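Work through the exercises below with the sequence and the model open. Try each task before reading its solution.

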Amino acid sequence: MPCAIGLSTHVAISPRDDRQLVLQSTEFPGRFAFDLDHLPERGTGEWSDYVLGVAAGLKEGGYALKGANLLVHGEIPIGAGLSSSAAIEVASALALLSLSGETMPLPELAKLCQRCENIFIGARVGIMDQFVSCLGKSGHALMLDCRSLKFELVPIPGEVRMVICNTMVKHQHAGGEYNRRREECEEGVRILAQWYPGIRALRDVTIAQLEQHASDIPPIILKRCRHVVEENERVRSGARCLLAEDLARFGELMRESHRSLRDLYEVSCRELDLMVELAEELPGFYGGRMTGGGFGGSTVNLVEAAAAEMFTAEISDRYQKEIGIKPAIYICSAADGAKIEYGRTYDENRQ
């Protein structure tokens with residue numbers, strides 16, 4: 001159940017007379033040029049892969065792309081667990097389509113961007129980040145069924161803010177561990193399918209079924225499965241809490257989620273745990289958890305709007321005293337997803 005936030009990635013695009021894609025960024029040095037008719041099949045390890053992979057996916061899908069200059073400017077910190085990769089994928093796809101006069105239903109665009117990251121980049125991510133980047137709505141969370149892509153917009157009460165606390169650390173094993181967690185969950189499905197042959201993923205397993213066969217599952221695999229099965233139920237409970245404006249219970253669900261991510265899924269780290277612990281002591285705090293792939297990055301905290309500024313100052317000061325690093329903190333509300341704007345100009349020198 002994600003929501004879009006008011007931090008943006010902008011992709012400015014202009015036509016070229018040749019078949020080149022020329023990519024530049026305001027955040028990274030270098031200029032990358034690719035022949036549209038001979039795009040690489042896999043990423044090159046550069047930031048440009050996220051644009052290039054989307055271009056390759058559109059071309060493979062039969063969309064007639066034109067040569068273009070693209071300039072990327074991102075407000076979303078990289079490695080903070082805030083889906084910066086999904087933002088650049090979705091923005092790039094919309095830019096390329098708009099220049100060619102093409103359109104694509106937004107759910108299909110989200111799926112294309114996910115495939116880009118799965119195949120071209122090699123990260124086995126789900127579709128949640130790309131989907132909410134496309135279809136997020138101001139003032140709402142989005143409860144998404146990642147199998148059917150059916151979704152429900154769930155209003156977030158206006159008297160709260162999301163305070164995102166970037167720990168400013170990202171541990172090196174994050175990428176490989178993410179894929180390993182996927183493999184461990186898939187192993188759990190293979191084991192459980194001996195008794196429940198109709199299951200395709202852990203979303204098809206109930207807590208009772210998991211408990212019934214707990215002794216048949218290796219301990220590490222059981223921990224991963226337990227996290228996913230219980231987390232799915234927390235999402236459903238969380239939607240009911242938001243609809244009832246029961247922020248206290250919703251905050252407790254966020255706390256439970258972080259404990260599960262820490263102890264069962266084991267994707268947290270000292271800095272994330274500390275940020276969650278520090279938040280507990282502050283006025284106006286309902287609940288918080290890590291967000292993103294883990295092993296660093298950010299926490300997201302639900303805080304009374306009137307207390308958000310004080311919360312930000314206090315948690316920043318306390319974290320810096322403990323870790324010696326000043327965190328980056330953003331006070332956010334749920335925002336709309338991606339959009340196309342025509343006629344604006346962008347000067348990379350003046351930003």
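**Exercise 1: Helix α1**

Helix α1 covers residues 49-60; compare its reach with the expected span and describe its surroundings.

Solution. The model is a predicted one.

Step 1. Helix α1 has 12 residues, and from its first C-alpha to its last it reaches 16 Å. This is close to the 16 Å expected at 1.5 Å a residue.

Step 2. The buried residues of α1 are D49, V51, L52, G53, V54, A55, A56 and L58.

Step 3. Their cover includes the strands β3 (20-25), β4 (32-35) and β5 (68-74), together with the helices α2 (84-99) and α3 (106-121).

Step 4. After α1 comes G62, which has a positive phi near 90°.

**Exercise 2: Helix α3**

Describe α3 by its reach, its buried residues and what they pack against.

Solution.

Step 1. The 16 residues of α3 reach 21 Å from first C-alpha to last, close to the 22 Å expected at 1.5 Å a residue.

Step 2. Buried in α3 are L109, A110, L112, C113, Q114, C116, E117 and F120.

Step 3. These buried residues pack against α1, α2 and α4.

Step 4. G122 follows α3, and its phi is positive, near 95°.

**Exercise 3: The pair α8 and α9**

How are helix α8 (residues 247-263) and helix α9 (residues 270-280) placed relative to each other?

Solution. Two packed helices are described by the angle and the distance between their axes.

Step 1. The axes of α8 and α9 come within 11 Å and cross at roughly 155°.

Step 2. Angles over 145 degrees count as roughly antiparallel, so α8 is roughly antiparallel to α9.

Step 3. The crossing of α8 and α9 is left-handed.

Step 4. From α8, the contact is made by R255, H258 and R262; from α9, by L272, D273, V276 and E280.

Step 5. Sorted by class, the contact of α8 with α9 has four charged, two nonpolar and one polar residue.

**Exercise 4: The pair α2 and α4**

At what angle do α2 and helix α4 (residues 128-135) pack, and which residues make the contact?

Solution.

Step 1. The angle is about 50°, and the axes of α2 and α4 are 9 Å apart.

Step 2. That angle makes α2 oblique to α4.

Step 3. The crossing of α2 with α4 is right-handed.

Step 4. A86, A87, E89 and V90 of α2 make the contact with D129, Q130, S133 and C134 of α4.

Step 5. The residues of this contact of α2 with α4 divide into four nonpolar, two polar and two charged.

**Exercise 5: Residue R255**

Is R255 buried or exposed?

Solution.

Step 1. R255 lies in helix α8.

Step 2. Buried means under 20% relative accessible area. R255 has 16% relative accessibility, so R255 counts as buried.

Step 3. Neighbours within four places in sequence are left aside; R255 is then in contact with E280, F285, Y286, G287 and G288.

**Exercise 6: Residue G136**

Where is G136 found, and which residues does G136 touch?

Solution.

Step 1. G136 is in the loop between α4 and β6 (140-144).

Step 2. Its relative accessibility is 12%, and therefore G136 counts as buried.

Step 3. Not counting residues up to four places away in sequence, G136 touches A4, F131, L142, A335, D336 and G337.

Step 4. One of these, A335, is 199 residues from G136 along the chain, yet the C-alpha atoms of G136 and A335 are separated by 6.6 Å.

Notes:
Residues are numbered from 1 along each chain as its sequence is written. This is a predicted model: local features need pLDDT of at least 70, side-chain atom pairs count only at pLDDT 80 or more; totals for chains, interfaces and linings use all residues. Side-chain values use heavy atoms; hydrogens and water are left out. Helices (H or I, at least four residues) and strands (E, at least two) are DSSP runs, numbered from the N terminus. The expected span of a helix is 1.5 Å times one less than its number of residues. Buried means under 20% relative accessible area, exposed over 50%, partly exposed in between (1.4 Å probe, protein chains only). Contact means heavy atoms within 4.5 Å. Axes are lines fitted to C-alpha atoms, for helices over the stretch in contact, and angles run from 0 to 180 degrees between N-to-C directions. Angles under 35 degrees count as roughly parallel, over 145 as roughly antiparallel, 65 to 115 as roughly perpendicular and the rest as oblique. A crossing is left-handed if the near helix is turned anticlockwise from the far one by less than a right angle, and right-handed if clockwise. Ala, Val, Leu, Ile, Met, Phe, Trp, Tyr, Cys and Pro count as nonpolar, Asp, Glu, Lys and Arg as charged, and the others, Gly among them, as polar.
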